[in-house]
Amino acid sequence: MNLDLTPEEQAFREEVRAFVREKLPAHIRHKVMNGLHLEKADHVLWLRTLHEKGWSAASWPREFGGPGWSPVEQYVFEEECAAGGAPRLIPFGLKMVAPVIMAFGNRAQQERYLPKIRSGEEWWCQGYSEPGAGSDLASLKCRAENRGDHYVVNGQKTWNTLGQHADWIFCLVRTDTEAKPQRGISFLLIDMKSPGITVRPIITLDGAHEVNEIWFEDVKVPVENRVGEENQGWTYAKFLLGHERTNIAGIGIAKRELARLKRVAAAERKDGRPLIDDPLFAARVAQAEIDLMALEITNLRVLSAEKEKRAPGPEASILKIKGTEIQQAISELLLQAVGPYALPFRREAMAAGWQGEPVGPDYAAPLGAWYLNLRKLSIFGGSNEIQKNIISQMILGL
Ligand SMILES: Cc1cc2nc3c(=O)[nH]c(=O)nc-3n(C[C@H](O)[C@H](O)[C@H](O)COP(=O)(O)OP(=O)(O)OC[C@H]3O[C@@H](n4cnc5c(N)ncnc54)[C@H](O)[C@@H]3O)c2cc1C
């Protein structure tokens, strides 16, 4: 197993690095590098910039307008974008519903939806979770009744990330209440402008409006918006979750945050000595870096297997657990690095251009909210406890 990049892959890395340096707008880079809130317009601008270059749909095959990159090239691309301060591409359209439409959608659906996902013209959100159906997703209750040429949808979804901006939502709905839970589920594409849809914000620990509840009351959905067969949605849902786990380790992001941690810890404090000179603190930073390097090697092993056309298996769960734990550990060290300056909870300090009275150095103000926000990492995409169950069953055979 060769884990080194080939000369071509190395050249590709340089090309992506130069592109990000040249094309990423400075105000977006500033927000990302300092953990500030991004607006929808920031995401759209970056996606359109990538689209012009033909790079917006990094994981798509050529036949659907993607660049046809190998798994290693996709990884290098994401790593360089993260290191250069580019926003993470919102995955719901590009990485979640698009692969499902490619694999299970009909030609009309592929032609209708995929180009607008690639160009960023239409935004998607994910409608899987419900109150009482998160880890145990198959127990979902949102009901869709087949009335011939359309379904009538009633029920509730929750935790819908960026649903307030979405043009479309892909939903798991119950179309058969008699069958076993996994058998009676269908996969619907629902226009968010349909009458009967209500989006309500959920404000998270850090004071941000990132997630929502979405209510459906007698929402009419044409049958042609169903992907694949009726009652076979669980198969498509699991296929999508496999894609959701790919790249969830966030190694590029963790590397960027580690660099930020080192900058913050190297800043001079009141006593004139930077915190990184403290051997105990330096050892904790070093441990995070070692863990990250080990994770990167594991990730390269997974990618190397993919290059040899072996599908990624339950090791994606290891990547998810370790990747999210490392990001959370780095955010905790960042918090410790600024000590009491991170204590005042200042939601407004997360906005770029905030002019308030600073408490401590300006980089300290957003760190408290950043720390709180990152607690989500071990919950979404399948909680880390659920990933451990997968590892114990699929790898350890327990
Ligand atoms: C910030 C954020 C964004 C999200 N975005 C979306 C989105 O866009 N779309 C969407 O559909 N969903 C989204 N989710 C929902 C997410 O997928 C669920 O929160 C997650 O699957 C956990 O489900 P739950 O919240 O119902 O918790 P529960 O399933 O009730 O779990 C509660 C606790 O019990 C543990 N637990 C549950 N079952 C087991 C078990 N069998 N073994 C061991 N421990 C167990 C869990 O690990 C957790 O700690 C988001 C969640 C968050 C926090």
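Me: In this predicted model, what makes domain 2 and domain 3 count as being in contact?
Reply: Six residues of domain 2 are in contact with seven residues of domain 3. On the side of domain 2 that touches domain 3, two residues are nonpolar, three polar and one charged.

Me: Where do the domains run, and how far apart are the C-alpha centres of domain 2 and domain 3?
Reply: The domain assignment gives domain 1 as 7–89, domain 2 as 124–232 and domain 3 as 248–394. The C-alpha centres of domain 2 and domain 3 are 32 Å apart.

Me: Why is the ligand said to lie between two domains?
Reply: Both domain 2 and domain 3 give residues to the shell around the ligand, so the ligand lies between them.

Me: Which residues surround the ligand, and which elements supply at least two of the shell?
Reply: The ligand is surrounded by 19 residues, and the closest are Tyr128, Gly134, Ser135, Ser383 and Glu385. At least two residues of the shell come from each of β1 (124–127) and α12 (384–394).

Me: How does the shell around the ligand divide by residue class?
Reply: Seven residues of the shell are nonpolar, 10 are polar and two are charged.

Me: Why is α4 called roughly parallel to α8?
Reply: The axes of α4 (residues 71–83) and α8 (residues 251–266) come within 8 Å and cross at roughly 25 degrees. Angles under 35 degrees count as roughly parallel, and therefore α4 is roughly parallel to α8. Their crossing is right-handed.

Me: Which residues of α4 and α8 meet?
Reply: Glu78, Glu79, Cys81, Ala82 and Ala83 in α4 meet Ile251, Gly252, Ile253, Lys255 and Arg256 in α8. The contact comprises five nonpolar, one polar and four charged residues.

Me: At what angle do the axes of α10 and α12 cross, and what is the handedness of the crossing?
Reply: The axes of α10 (residues 315–338) and α12 cross at roughly 145 degrees and come within 9 Å. The crossing of α10 and α12 is left-handed.

Me: What makes up the contact of α10 with α12?
Reply: In α10, Ser317, Ile318, Lys320, Ile321 and Thr324 meet Asn384, Gln387, Lys388, Ile390 and Ile391 of α12. By class, this contact has four nonpolar, four polar and two charged residues.

Terms used: Residues numbered from 1 in each chain as written. Predicted model: local features only at pLDDT ≥ 70, side-chain atom pairs only at ≥ 80, totals over all residues. Near = placed C-beta within 6 Å. Helix = DSSP H or I, 4+ residues; strand = E, 2+ residues; numbered from the N terminus. Nonpolar A, V, L, I, M, F, W, Y, C, P; charged D, E, K, R; others polar. Domains from an automatic or database assignment. Axes fitted to C-alpha atoms, helices over the stretch in contact; angles between N-to-C directions. Parallel < 35°, antiparallel > 145°, perpendicular 65-115°, else oblique. Left-handed = near helix turned anticlockwise from the far one by under 90°. Contact = placed C-beta atoms within 7 Å.
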